[in-house]
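I'll go through the contact between the chains, then one residue I picked out, and then confidence.

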Amino acid sequence: MSTQTTSLPPAELSGQPVPRRGRIGPRWFPVLMIIPSFVLIVVVTGFPLLYSVYVSLTPYNLLRPDTLAIDLANPFGNYITLVNDPVFRDALLNTIIFLAVTVNLEYVLALGLSQLLARVTVGQSILRTLLMIPMMFAPILVGFQFRWFFNAQAGLVNNILLSIGLIQEPIAWLVDEPLGMISIMTATIWMNLPVTTIILLAGTLSLPHEVFEAADVDGASGWQKFVRITFPMLAPFTFIALTIRSLDVARAFDIVRIMTDGGPAHRTELIWTYVTRLAIESNQFGLGSAMALITVFISLAFTVYFFRQLVKARIVQ
Amino acid sequence: MTTSPVTPYRRLNITLTNLLAWVVLIALALPAVWIVLTAFRPAAEINASPPVIIPRELTLDAFETMFGLNPDVRQRVPVESYLANSLFVAATSTVVSLIAGTLAGYAFARFRFRFHTAAFLAIMFSRSIPGVALSLPLFLLFVRLGLVNNVVGLAFVYVAINIPFTVWLMDGFFRQIPYDLTEAAYIDGCSYWQAFWRVNLPLAVPGLTTAGIFAFLASWNEFQIANVVTRSVSARTFPPGLFSFTEQFTFDWRGMCAMSVLMMIPAIVFVILTQRNLVRGLTFGAVKG
């Protein structure tokens, strides 16, 4: 994402050439170029989101159209209901744990893998193609795939473990606690690992050689070079990867929906699956919208945080 | 990476690095390979215990069943309809978001104006709104507008969802084109639009391809919103169609794998096409602003 100043014009100010032809001046041209995008986004995301704020203040139930009105005596009723709802609190906690574990673990694994790939001498291009394979899977397919692998009866994981005699009884991966959560995290990490690795690999390969040569002259060990040079210099790439990742933290919904759908008994309930359960399955759109707005807040907080880190990392460079 | 002398210790180190990399990446790719292999396996091998790793024969049975060529199976998934809907939605939304996003990306890359950063951030952050959150108000609004079960409505939503990433990528690609060219165009008498259309856009074609592929795949794979606003078989796209398949019938694992393979085809083609540009597209601007 590029937002800070580069060597680009405010045309007239710097005495750079400006077009002599054309009726649209430098003031209006960029505005006209941006308008289509802006209008589309306002219509499809801005307006619905505002509408969602309104709905979240009503006790709206899809089957009772008369409930789509703000209850002036208790406009924040849905939010109060949510705060007092133990399932919601568990789902929120699950979501926070889920994000903390997957994002961190994913990053550490990707960092290790990228360092490995930067040093590989045999079959580099084949390895990179292998790395991209998980990217070909839509989240819904990732969910299906791991639902199958972790299936207690027909799943590959149990099948292998039973065959080689590591276990005697099938393990209920998607049912037992905390195995359900671990299965979902495994699927999520598998899906997101390639992009993060590729970005960190590109970053590693773009680091200037001179720095490493100087470190060699000073007799630095491989580990020292990694901790003192590679890791800090990768900061912009780290935050690019994390910003991209933060844009779709909610895509985990697809995986969970097909693997466990939050069950059994809310054990793997994440805030996104709970929204669907309340709104789409129980028609409680008021309550569902209130919670949906909380998910928006979480996603935005993530994105803003990583984006600011990205800007900071670039300024240091 | 470095120029240190090759000692026996270092040679061992290199061998181990290669070995580890191969083991890790094969393990990473294995689940995907298993899905693809299963789609082409004979039915008897599916739940064999111990698992049959390498299929003894390859067959297209699962695909024949999927497309209704197997007379023994009556109830089946309307894959053709899902495919047609997905293709329509992904193609139209890609074209429109590419047009809008490229225009905006150019403006952000080449002009300074009031609210430049604010507008850019507003567009970017709109992308982080989860589909789950968006699907509820969109469903309510679509009910009023009569757009539920309408592929055009869905395509419209995807356009807006794809714009932010397109703007980001195109902004970066335009910044890589030397400004001298634009300047020269101005001196030669081009208007702002001509400088964009005749000089910058042709040079940004690789970027356009990358952005288009990302947009296409995002639409092709989208599940949350599609699942809420398309309820009828005639309007369903592939991801919700695949999902309803898992809910309706007793699980046909091989059939699911065959559907997965079908759904992966565009991604496979695109990943092969863009291997190189992909990395560049995602990371430029990381070091230079």
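So, this one is a predicted model. Let's start with the contact: chain A puts in 101 residues and chain B puts in 95 residues. On the chain A side, the largest share comes from helix 1, residues 29–56, which supplies 15 residues of the side that touches chain B. And what is that side of chain A made of? It splits into 70 nonpolar, 24 polar and 7 charged residues.

Okay, over to chain B, and to Ile46(B). You'll find Ile46(B) in the loop between helix 1 (8–39) and helix 2 (61–66) of chain B. Is Ile46(B) buried, exposed or partly exposed? It's partly exposed, because it has 16 other C-beta atoms within 10 Å, and buried would take 20 or more, exposed 12 or fewer. Leaving out residues up to four places away in sequence, Ile46(B) touches Thr38(B), Arg41(B), Trp253(B) and Arg254(B). For a distance, take Gly212(B): Ile46(B) and Gly212(B) sit 166 residues apart in sequence, and C-alpha to C-alpha they are 37 Å apart in space.

The average pLDDT of chain A is 86, with 92% of the residues scoring at least 70. Going by helix, helix 1 of chain A comes out highest at 94, and helix 6 of chain A, residues 156–163, is lowest with a mean of 85. Then there's the stretch at residues 1–14 of chain A, where pLDDT is below 50. That stretch still has 28 contacts in the model beyond near neighbours in sequence.

That's me done, happy to take questions.

Terms used:
Residues are numbered from 1 along each chain as its sequence is written. Chains are lettered from A and ligands numbered from 1 in the order in which they are written. This is a predicted model: local features need pLDDT of at least 70, side-chain atom pairs count only at pLDDT 80 or more; totals for chains, interfaces and linings use all residues. Two residues are in contact if their C-beta atoms, placed from the backbone, lie within 7 Å. Helices (H or I, at least four residues) and strands (E, at least two) are DSSP runs, numbered from the N terminus. Ala, Val, Leu, Ile, Met, Phe, Trp, Tyr, Cys and Pro count as nonpolar, Asp, Glu, Lys and Arg as charged, and the others, Gly among them, as polar. pLDDT is the predictor's confidence in each residue, from 0 to 100.
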